[in-house]
Amino acid sequence: MEKTRQAKAAGRRPAPAANGTADPAHHGLPLHEVVLLLGTDHVQGLASAEVARRQAEFGANVLPRSRGGGIFRKLARQFHNPLVYVLLAAAAVTLFLGEYLDSGVILAVVLVNTLIGFVQEVRAEAALDALHSLVRTRAVVVRDGQREEVPSEDLVPGDLVILEAGDKVPADLRLVRLSGLRADESALTGESETVEKNEVVLPPTTPVADRRNMVYSGTLVTAGTGAGVVVAIGGETELGEIHRLMGSVQQIATPLTQKLAHFSMTLTVAILALAAVAFLAGVARGQQPPQMFTAAVALAVGAIPEGLPAAVTVTLAIGVRRMARRRAVVRRLPVVETLGSTTVICSDKTGTFTENQMTVRALWTSSGAYDVTGSGYGPEGRVLPAGAGVQGASEGSAAEGTEATAARDFALHWSLLAGAACNDARVVREGDAWRVQGDPTEAAMLVTAGKGGVDTAQFLSAYPRRGALPFTSESQYMATLHAPRLTDGSGTGQNTVLVKGALERVLELCAWQMDGPGDNGHLNKQAVLEVAHRFAGTGLRVLATAMMHLPAGTSLDEANLRGQLTLTGLQAMFDPPREAAAAAVHACHQAGVAVKMITGDHIGTAATIARAVGITADRADGTALTGTELDAIPEDQLPDAVERATVFARVSPEQKLRLIGALQSRGHVAAMTGDGVNDAPALRQANVGIAMGRSGTEVAKEASDIVLTDDDFATIEAAVEEGRNVFDNLTKFIVWTLPTNMGEGLVILVAILAGATLPVLPTQILWINMTTAVALGLMLAFEPKEPGLMSRPPRAPGRPLLTWTLTLRILLVSTLLVAGTWWIFELELAGGASLAEARTAAVNLFVAVETFYLFSCRSLTRSVWRIGFFSNRWVVLGVLVQAAGQLAITYSPVMNELFHTAPIGPETWLRILGIAVLASLVVAVDKRFRRHSF
Ligand code: ATP
């Protein structure tokens, strides 16, 4: 009743009060007032009906989209380009000279150019924008008193949000409780030190950076746990404010695009200078200034590679989209370039090489060994003495299992109980399937206790959990403290501690082993290790369980556990290798990319799984190492050892960092996966940081360059393949476009220097440039992967886009274009054609040679006969469009008028085709003999 009244109060309140703008001093109010103000409950959370109402009222918790400066700004940007300046100057001069038609055509071209640039920018931006929605942030909330996971967009003011290390804070929250909570607020305050949080009420004037009782949207939880009520969402958050102030423009520049933009800018300046010199030289030799001006403009327009930066951006954007389709979401665009040069992939095991579908298969205690039947997370299955007819027993009930096992083996009972009660996971039924909420390792142990007939709920109601040491990849174990009901664990009497974790870690803490009721013997470490070794040898992942009684009032920390724990047993679980992993590893090896497994798991398990997916791993020859062994290697020998080894087991996040450094010191371009909070430094240090989309923490995602939405190793291989393809396609475009520009420029330069009539006019050059760049050149970005793409070694990082071979080919094609154009022009004039007809023939020849050459550029090494004329349908479509355009400019009276062209006869077409075929034969011969050195 009280709750409804409060909710109604919030409902009546004007929107700003509940979303934190009109009354932002939530840090300055006592908690109960904040809760009242927001009409919520800091234990039960909001009621779902109220959530729905507030969602309708306040909208989604997303930052308002700020598009790159609005449509007009973006359009205006397109005019800010040297080519456009040249064209506008040309239009002005032609207008002044009374050539109205020419100036009209030039202005139309400027407009078309601007529109094309604009559309490309919008599309590239949209492609990148779309990626953000692929990586959804989720938040854990309490609603109607129940915990649930929801997309962050669904949060409303008043929602009670649960936080833990690794989370990205989904909205601005006033903390209601916390334990050791620390946040990295650098995104907001620029301060790189993490901030310790508390619940103390602060003066209202406290600046954002010092509000310890609040956490802010977009910051990261680096340690501890906590809960807070949402005080502001979306654009009303502090982050939203910053976002608005910066008007954040999506950056679509990478080192490569910047280098290319710089290259074309330098080229443009050089060409403009050349055009000016040509103009002056012509005039000095007595030519008419207007004619010379036209020639100089034609030279500039023809030679400036204006389409280059846009084509590069489009190629990158297409590459990014293809990667997203293959479930690798690029967060930082420059990584697309790096991927193609990747020489080593360091990937963790669980979930990447394996399915992360855990099923406990075998149990061991000092009194017996057991098999567990059933698969998946369903309750069907039993715990049976090892070898007691696993087949045919898979359908049995848990109760039968009890008689046979846990009731008779006291240690087994405690081992199963530790697995299930020292556990934060849940398994819920969804239709016919069982879904895991939380860690699959824990879910598997929970299910197994049920199969063994252990009633965890009963234990927890008699001995509720009063404390815990959470699992971290450094500690590698988890412990929980249970006190008898009606006590809080601090009085007199005994509490129970349950532990589960990595074998070596738990053994370090144990002195005893449970042999029977009240019968604890000295721990026989050797025997336990041998059993574990046997399990690990078959690829099973082994966790040890332990327990102890702790006098009430003694705190739960590692110092109090050390040497006091009693080992209860081992649980060995199977996590099947992913189906596609072996093929992906093979593909990487073929592509000259080394694959290394870096895992927190036991070395035996890791090596077995590694071998199953095709990675050689053996302790004997140093190809499999543990983190401890890694630490013992002196710094100067580390690079060699790391280069040789393929499996690194029980590795801590710091060791990962060291490992990456060692690989990079050998000149490697390293890709590295990570999922935990502490993986962030290694992810940043790696050349390609890869985070897990499903199991990874937000901190890891934030530090990564790529997020895998399916956590699969095969996706990394796919991303490398796409990265290589992007580079190929860029090279193809450049190799195709530069001869066009050089050819056009040279044709005019030769005419000026020779004092001859121009074989192609400026407006005709504009036509060639504009139409071929869009209809022909851009289609190369859609070129499918070359067959040998993944059997080449990785591209050396510093290697220039244009090798010597390709540069020579560009020069060759430019020469062919110049010679062909002059040849046909002179041939036509000599045959009695008019100037307009001869020029039309020259324009068509230019386009014909470019079209034939386009097919050649579709592969840098293979001939078009081998890749198939029709294998890129976009190219075929482009050629058809271009052909239609050429027919129009040749035969349509309007176009004839606009572009000073004239219809040509069939013999001229035959001559054009003849010369174009001849030119492409020369290119084919060049490609045939120098294909290996591209
Ligand atoms: P990878 O690094 O390939 O993902 P991993 O899951 O084995 O492998 P970690 O998550 O760092 O790596 O776990 C290290 C070890 O800690 C595991 O091998 C296991 O023995 C133990 N462990 C894993 N999860 C838990 C848990 N929830 N509670 C207790 N111990 C765990």
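In which helix is Glu442 found? In this predicted model, the residue belongs to helix H16, which covers residues 440-451. With a relative accessibility of 7%, Glu442 counts as buried, because that value falls under the 20% limit for burial.

Lys500 places a polar side-chain atom 3.1 Å from a ligand nitrogen, and Asp601 has a polar side-chain atom 3.1 Å from a ligand oxygen. On its own, the ligand has 600 Å² of accessible area, and the protein covers 91% of that area. The shell around the ligand holds 19 residues, of which Lys349, Thr350, Arg541, Thr599 and Gly600 come nearest. By class, the shell contains 8 charged, 6 polar and 5 nonpolar residues. Strand E17 (494-502) contributes at least two residues to this shell, and so does strand E20 (541-551).

The setting for this site is a protein chain of 934 residues, 54% of them buried. The chain contains 35 helices and 27 strands, and its C-alpha trace spans about 115 × 70 × 50 Å along the principal axes.

A nonpolar patch is found on the surface. Its members are Trp823, Leu827, Phe852, Leu913, Val917, Leu918 and Leu921, and together they present about 620 Å² of accessible area. Two helices, H30 (804-830) and H35 (906-930), each supply at least two of the patch residues. The largest share, 4 residues, comes from H35. Val917, one of the patch members, is located in helix H35. Its relative accessibility of 37% makes Val917 partly exposed, since this class lies between the 20% and 50% limits.

A contact between two side chains can be followed at Glu185. This residue sits in the loop between strand E4 (172-184) and helix H8 (186-189). Glu185 counts as buried because its relative accessibility is 2%. The side chain of Glu185 is joined to that of Lys197 by a polar contact of 2.6 Å.

Finally, the backbone deserves a look at two loop residues. Arg650 is not a glycine, yet its phi is positive, near 45 degrees. The loop that holds Arg650 runs between strand E24 (647-649) and helix H25 (653-665). Arg650 counts as buried because its relative accessibility is 15%. His900, also not a glycine, has a positive phi of about 55 degrees. The loop that contains His900 lies between helix H34 (893-899) and H35. With a relative accessible area of 28%, His900 is partly exposed.

Key
Residues are numbered from 1 along each chain as its sequence is written. This is a predicted model: local features need pLDDT of at least 70, side-chain atom pairs count only at pLDDT 80 or more; totals for chains, interfaces and linings use all residues. Side-chain values use heavy atoms; hydrogens and water are left out. Patches are made of residues with over 30% relative accessible area and no salt bridge: like charges are joined within 9 Å, nonpolar side chains (Val, Leu, Ile, Met, Phe, Trp, Tyr) within 5 Å. Accessible areas come from the Shrake-Rupley method with a 1.4 Å probe; for residues, only the protein chains shown count as cover. A salt bridge is a side-chain nitrogen of Lys or Arg within 4 Å of a carboxyl oxygen of Asp or Glu. Buried means under 20% relative accessible area, exposed over 50%, partly exposed in between (1.4 Å probe, protein chains only). A residue is near a molecule or strand if one of its heavy atoms lies within 4 Å of it. A polar contact is a pair of N or O atoms within 3.5 Å; within protein, one must be able to donate a hydrogen and the other to accept it, and residues adjacent in sequence count only if both atoms are side-chain atoms. Ala, Val, Leu, Ile, Met, Phe, Trp, Tyr, Cys and Pro count as nonpolar, Asp, Glu, Lys and Arg as charged, and the others, Gly among them, as polar.
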